[in-house]
Each structure stands twice: as C-alpha cells, then as structure tokens.
Amino acid sequence: MLAEMGIAWLPGLVGAQAAAASAAARPVASPAAQAAAPGVVASPPAAVPAAARAPASAPVPLSVPAAEPAPAVRTAAPEPTLAGPVATLDWASLASTVAGCRACGLCEGRRNTVFGVGDRQAGWMVVGEAPGEQEDLRGEPFVGPAGQLLDAMLRSLGLSRSGGGVYIANVLKCRPPGNRNPEPAEVASCEPFLRRQVELVAPRIILALGRFAVQSLLRTDEPIGRLRGRVHQYQGIPLVVSYHPAYLLRNLPDKAKAWADLCLAQQVAAQAQAGSAGRPTAA
Ligand code: URA
C-alpha cells in the first residue's frame, strides 16, 4: 500500500514493529513525499501504538508547524456552541439518538444511519464526508474502495478501526441520495452529533479528509491545497487536513501529499502525547 502511495518503508518495519523501533530505524517517506509539503517536517511518522493514550516516557522534540489560530482560516460563519440535549449524551444515548434521528430529509432514503466506528478512546479521529452506498447498507463508515485505502493508510501508522488507536466518523450520518454533496441544512442538523463524538473521544489529533469535511469543520471555503501543511484547531483539538481517499484513488500522484499530511498529523499527535505525559491526572 505504501508503494501505492509513493512511499518506501525500510524493510520489515510495519505497524507495531515500527512502533517499537528506534527513530533511526523508522520507515522513510519517499523523496516525493518529503518534497510534497513545503514547511512540513517530512520525517516519517513512527507508528502509533494501539494503546495510543499511553503516556510517552519522554517528550519527543519535534518541529511542527504552529497551530493556526481560528482567525487564520477565513471564517464563513460563527462556530456554533453545542447546545441542547445532545451536548450531554453518553455514547449509548448518542448512538440511539442518531439511529432514530429524523431531523432532515435524509432519513427518508436511508437504510442505516452510519454513526462511527473504532476506538472510542482513540488518540486519532478521522472525519470523512458522508456515507455512500456501501456504508448505508452496512451502517459503518468507509467500507467501500475508499475505505480500503483509508484502512491501508491507517495501517501504515499502526492504527486500525478494529485494533485501536483510531475512531472514524463522518460529518453526515445518513447517505445523501446519489452521493450528492451534503446540503447546509443537513450539515447543520447533523453537526451536534459529530461535535459530541469529538468531545467524547477527545482525540489528540483530528484528520479531516476531503474538501467537504475540511470546509465544514473549519468553517471555511478555502481549498484543501491552501489548508494543507499546517495545523488547525477544532474545538481546541489539533486538526490536520488531507485529501479524501476517494479522490486519491482517482489522483494517484497526490498520495505522496497525503503521506506528508499523515506525517504531519503523526508529529502533532506525538507532540500532544509527550506534552500530556507529565500532566497530573484528575483525582
Ligand atoms: N466517504 C466518506 O466520506 N465517508 C464514508 O463513510 C464513505 C465514503
């Protein structure tokens, strides 16, 4: 898969093995990937252990582009606050509220709601756009061809939806008919659910995939190409922008840029982990 992405690994270093390896033995991003994102420190990511929340033993000195304060991104609308009953729901109540939601017209055509999948205490949260046909049938995000590429990308970081370390959700929980773009009213109806999911997971890093997810979360109309390579914030959580896997399937050369984005996200996550290692925990 990494070869597909234009990436070369050092032999024998994958997943948990890479996590255990020393920095010198980490997999190496291809020169193409390293050149792809000026301003991004392109050293490849160490794989994130499945228990991604385990505190690091020592801080890792990293050079990561500074988080962009919200004003750096053109703001299309004021950020809503999470209000109403959704803001206090636990996982079980949130999932059942989504399953029964009839707040917009998408409920009429859905076969299943697509809530989210993965580790609910993950260090990473991946946010996509909306369910497609396969996801609507199965009730799980990213299960079609784009999902297979996403899984491969995550594997390269030592993460998997079943093995831990990552939680995957979409902006919309129901499939738009014919996979059309989500409408603003649909996003507005669904937004409290994703916000609450982010609050409950409380990840160290959010990876927003594709123009629609990126622009919805960051409340901007800037193109992805202008938002990549720096660290944004969503609800105080670092957010890195990348291309949607479905786009990558059609634009193979951009996989090198996606790899650079993963490297950046990995660095941010590692830095956050190192930063929280010495913090006292609540009694
Ligand atoms: N594309 C997305 O953005 N999400 C999915 O769940 C599937 C395809």
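1. In this predicted model, α7 makes the greatest contribution to the lining of the second largest cavity, with three residues; helices here are DSSP runs of H or I with at least four residues, and strands are runs of E with at least two, numbered from the N terminus. A cavity is a set of points, on a 1 Å grid over the protein atoms alone, where a 1.4 Å probe fits but cannot get out, and its lining residues have an atom within 4 Å of a point. The lining consists of Val 171, Val 187, Glu 191, Leu 194, Ser 216, Leu 217, Arg 219 and Tyr 234, and the space inside is about 60 Å³, a volume being the space filled by probe spheres set on the points, which are joined across faces, edges and corners.

2. On the basis of the values, residues are numbered from 1 along each chain as its sequence is written, and side-chain values use heavy atoms, with hydrogens and water left out. Local features need pLDDT of at least 70 and side-chain atom pairs count only at pLDDT 80 or more, whereas totals for chains, interfaces and linings use all residues.

3. The largest cavity holds about 100 Å³ of space, and among its 13 lining residues the closest to the centre are Cys 101, Cys 104, Cys 174, Ser 189 and Cys 190. Here too α7 supplies the largest share of the lining, four residues.

4. Helix α8 (residues 211-218) is mostly covered, with seven of its eight residues buried, that is, under 20% relative accessible area with a 1.4 Å probe and protein chains only, where exposed means over 50% and partly exposed lies in between. The cover over these buried residues includes β2 (124-128), α7, β4 (205-209), α9 (224-227), β5 (232-234) and β6 (237-242). Just after α8, Arg 219 adopts a positive phi of about 50°, and Arg 219 is also one of the residues lining the second largest cavity.

5. Asp 254, in the loop between α10 (245-250) and α11 (255-277), counts as buried because its relative accessibility is 13%; leaving aside neighbours within four places in sequence, Asp 254 is in contact (heavy atoms within 4.5 Å) with Tyr 243, Tyr 247 and Leu 248. Pro 177, in the loop between β3 (166-170) and α7 (184-201), is exposed because its relative accessible area is 52%, and its C-alpha lies 8.5 Å from that of Arg 110, although the two residues are 67 apart in sequence.

Note on methods: 1 Å grid on protein atoms, 1.4 Å probe; cavity = no way out; pocket = protein on both sides within 12 Å on 5 of 7 lines; lining within 4 Å.
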